[in-house]
Amino acid sequence: MSELQKYPDQYRTVTVEKLINDGFGPRPWYHCIVAECINRQDSQQEMEIIGLIMYSFSYDVYGGRSVFGLELFVKPEHRGHKLGKALMHAKFLHAKEQGCTIAQTLVFHKHLRARQFQASFGYVDQTTEVPDSNRLNFLELMDGSFQDTLKKAEDELKTYKHIEVAGLNFKLQ
Ligand SMILES: CC(C)(COP(=O)(O)OP(=O)(O)OC[C@H]1O[C@@H](n2cnc3c(N)ncnc32)[C@H](O)[C@@H]1OP(=O)(O)O)[C@@H](O)C(=O)NCCC(=O)NCCS
């Protein structure tokens, strides 16, 4: 979680303590899935968090149960190994388990690659105003595209040795 605090983000007022209380208290305000790797040093084994995805469950009066993407981060030295994709798929699996029928997120207009990354999962940019680089774009994934993405997520995660979402083991190879 402390990795998030390194973002030069003038708008972020949340502290690590708040993140812990809000996510892991009696009523979790968000969900977080982490990717870990095993570090072996001097015959000691240590788990290191190398990526995370944060999301919350919300409601859309038109679309119904929604999974709202909040953060996605993979440590720079671990990028390009499909971890970001796996975290997105794990989020979709949890969303399916919760009966969601729509996925939504906000991405800065200026972050073209991030918008392209989301588009690769089927998210459609619903923003109609004149582009402003500091504006957040609203992205949605719904209907048949959402179902297709859920199916892809399930199929892809079958190839992983171990995936645990919300305390449930989904696949052991
Ligand atoms: C975006 C991010 C999570 C991707 O993580 P990653 O583990 O390197 O991504 P993956 O290896 O799973 O890539 C999956 C696919 O997305 C593509 N991709 C990766 N990063 C991308 C990006 N920033 N924009 C567009 N496409 C991207 C890859 O080419 C790959 O395509 P393929 O399946 O056709 O080969 C990572 O670059 C990151 O943490 N960036 C900084 C934080 C950020 O921008 N978060 C917001 C994301 S919306």
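Mentor: Let us begin with burial. Of the 173 residues of the protein, 24% count as buried. Please keep in mind that this is a predicted model.

Trainee: How many helices and strands does the secondary structure come to?

Mentor: The protein has four helices and eight strands. Read from the N terminus, the order of the elements is α-β-β-β-α-β-α-β-β-α-β-β.

Trainee: What share of the contacts with a separation of 6 or more comes from residues 24 or more positions apart?

Mentor: Such residues account for 52% of those contacts in the protein.

Trainee: Let us turn to the strands. In which sense do β1 and β2 pair?

Mentor: Strand β1 (residues 31–41) and strand β2 (residues 44–60) are paired in the antiparallel sense, over 11 bridges. To follow the pairing on the model, find H31, which faces Y55 in β2. The two strands form a hairpin with two residues between them, and there D42 takes a positive phi near 50°.

Trainee: How many bridges join β2 and β3?

Mentor: These strands pair over 10 bridges, in the antiparallel sense. They too form a hairpin, with three residues between the strands. Here the residue opposite I53 is L72 in β3.

Trainee: Is the pairing of β3 and β4 parallel or antiparallel?

Mentor: The pairing of β3 and β4 is parallel, over four bridges. In this pair, V67 stands opposite A103 in β4.

Trainee: Why is strand β4 described as largely enclosed by the rest of the structure?

Mentor: The reason lies in a count of neighbours: a residue is buried if 20 or more other C-beta atoms lie within 10 Å of its own. Strand β4 (residues 102–108) has five buried residues out of seven, so the rest of the structure largely encloses it.

Trainee: How does that count apply to Q147, and where does Q147 lie?

Mentor: Q147 belongs to helix α4. This residue is partly exposed, because 14 other C-beta atoms lie within 10 Å. Along the chain, Q147 and T101 are 46 residues apart, yet their C-alpha atoms are separated by 7.8 Å.

Trainee: Which residues of α2 and α4 meet?

Mentor: From α2 come H89, A90, F92, L93 and K96, and they meet T149, L150, A153, E154, E156 and L157 in α4. By type, the residues of this contact comprise six nonpolar, two polar and three charged.

Trainee: Finally, how many residues surround the ligand, and which are the closest?

Mentor: The ligand is surrounded by 17 residues, of which R79, G84, K85, R113 and F117 are the closest. The shell divides into seven nonpolar, six polar and four charged residues.

Trainee: Which element gives the most to that shell?

Mentor: With five residues, α3 gives the most to the shell around the ligand. At least two residues of the shell come from each of β3 (64–74), α2 (83–97) and α3 (112–119).

Conventions. Residues are numbered from 1 along each chain as its sequence is written. This is a predicted model: local features need pLDDT of at least 70, side-chain atom pairs count only at pLDDT 80 or more; totals for chains, interfaces and linings use all residues. A residue is near a molecule or strand if its C-beta atom, placed from the backbone, lies within 6 Å of it. Ala, Val, Leu, Ile, Met, Phe, Trp, Tyr, Cys and Pro count as nonpolar, Asp, Glu, Lys and Arg as charged, and the others, Gly among them, as polar. Two residues are in contact if their C-beta atoms, placed from the backbone, lie within 7 Å. A residue is buried if 20 or more other C-beta atoms lie within 10 Å of its own, exposed if 12 or fewer, and partly exposed in between; C-beta atoms are placed from the backbone. Two strands pair if DSSP finds at least two bridges between them.
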